[in-house]
Amino acid sequence: MTLKVLQITDCHFVRPEQEVLGVGTAASLTSVLAQALAEGVPDAVVVSGDVGHECAQADYRLFHKMLTDYVDAPTLCLPGNHDVLAAMEAAELPLEPLELGSWQIVALDSHEDLLPEASISPMKMAVVAAAKAGSAARHGLLATHHPLTEVGAPWLDKDRIQDPHGVLDEIARMPGPRLRGAIFGHAHQAVEAWFEDIPLLGTPSTCFQFKPQSATFELDDLGPGYRWLKLADDGSISSEAVWLTGSEAPAI
Ligand SMILES: [Fe+2]
């Protein structure tokens, strides 16, 4: 059975009467979910960080209610640099790895509360190792917030996961499901790169995008987006980034 996974990221959720950089992020999230769910019903959802924009617990609860109003599927949320992990936990967001038949989706926490740069520690790697060791799945999809590759924008690349190949190599060698791919957010744009035969996929934000290859912070004209992944029983992954209808999508 091929699994359909919906990745949404960098929702920067604020309450419906508020905006971030001129975008009503609750409304744009709703538009993304409406379009995605009209395309298909996901077997799982991954929310890869910056769930909120310096959210309080009540805002995370509202985010989760809006998400579950649209989609009833196993969900994995992970924290990004705009998130406060304790508030996510208190709001009972789903933070545990997903076991989906022959696949496991596990998060590597790359964040520190309210700091922009990625932070990976032996303890965070040990969490991934324990999750992999306890899984009966054959294939693994890794989710992080920060990119596992350079995206070509220096102001973003300085905060990416350092030594991404070392991190991926260490995770690939941990006992458990074989690492087949990795997804991330933070870059607010579509990214497609490779580490050996492992696709590294960055996904547009559900609110605003950053201009690719920009030397400094610059917003792109593209609208909200998301990503579909198809995880096959043989361990292969096919995927496409999608933008809201009416926003122009570049070829990747
Ligand atoms: Fe973000």
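User: What do the buried residues of H2 pack against?

Analyst: They pack against strand S3 (75-78) and helix H3 (85-90). Keep in mind that this is a predicted model.

User: Okay, and which residues of H2 are the buried ones?

Analyst: Asp59, Tyr60, Phe63, His64 and Leu67. Looking down the axis of H2, those buried residues fall within an arc of 140 degrees, so they line one face of the helix.

User: Which exposed residues sit on the face turned away from that buried side?

Analyst: That face of H2 carries Ala58, Lys65 and Asp69, which are exposed.

User: How far apart are the end C-alpha atoms of H2?

Analyst: They're 20 Å apart. H2 covers residues 57-70, and at 1.5 Å a residue its 14 residues should span 20 Å, so the two agree.

User: Which strands does S9 pair with, and is each pairing parallel or antiparallel?

Analyst: S9 pairs with strand S7 (residues 178-184) in the parallel sense, over 3 bridges. With strand S8 (residues 191-195), S9 runs antiparallel, and 5 bridges join them.

User: Let's zoom out. How many helices and strands are there in the protein chain?

Analyst: The chain has 6 helices and 11 strands.

User: How does its radius of gyration sit with a compact globule?

Analyst: A compact globule of 252 residues would have a radius of gyration near 18 Å, and the protein chain has 16 Å, which agrees. The C-alpha atoms fill a box of roughly 45 × 40 × 35 Å along the principal axes.

User: What share of the residues is buried?

Analyst: Buried residues make up 49% of the 252 in the protein chain.

User: Last one: what share of the contacts joins residues at least 24 apart?

Analyst: That's 70%, counted among contacts between residues at least 6 apart in sequence.

Definitions and conventions: Residues numbered from 1 in each chain as written. Predicted model: local features only at pLDDT ≥ 70, side-chain atom pairs only at ≥ 80, totals over all residues. Helix = DSSP H or I, 4+ residues; strand = E, 2+ residues; numbered from the N terminus. Rg over C-alpha atoms; globule rule 2.2 N^0.38 Å. Buried ≥ 20, exposed ≤ 12 C-beta atoms within 10 Å, placed from the backbone. Contact = placed C-beta atoms within 7 Å. Pairing = 2+ DSSP bridges. Expected span 1.5 Å × (residues − 1). Arc of directions from axis to C-beta.
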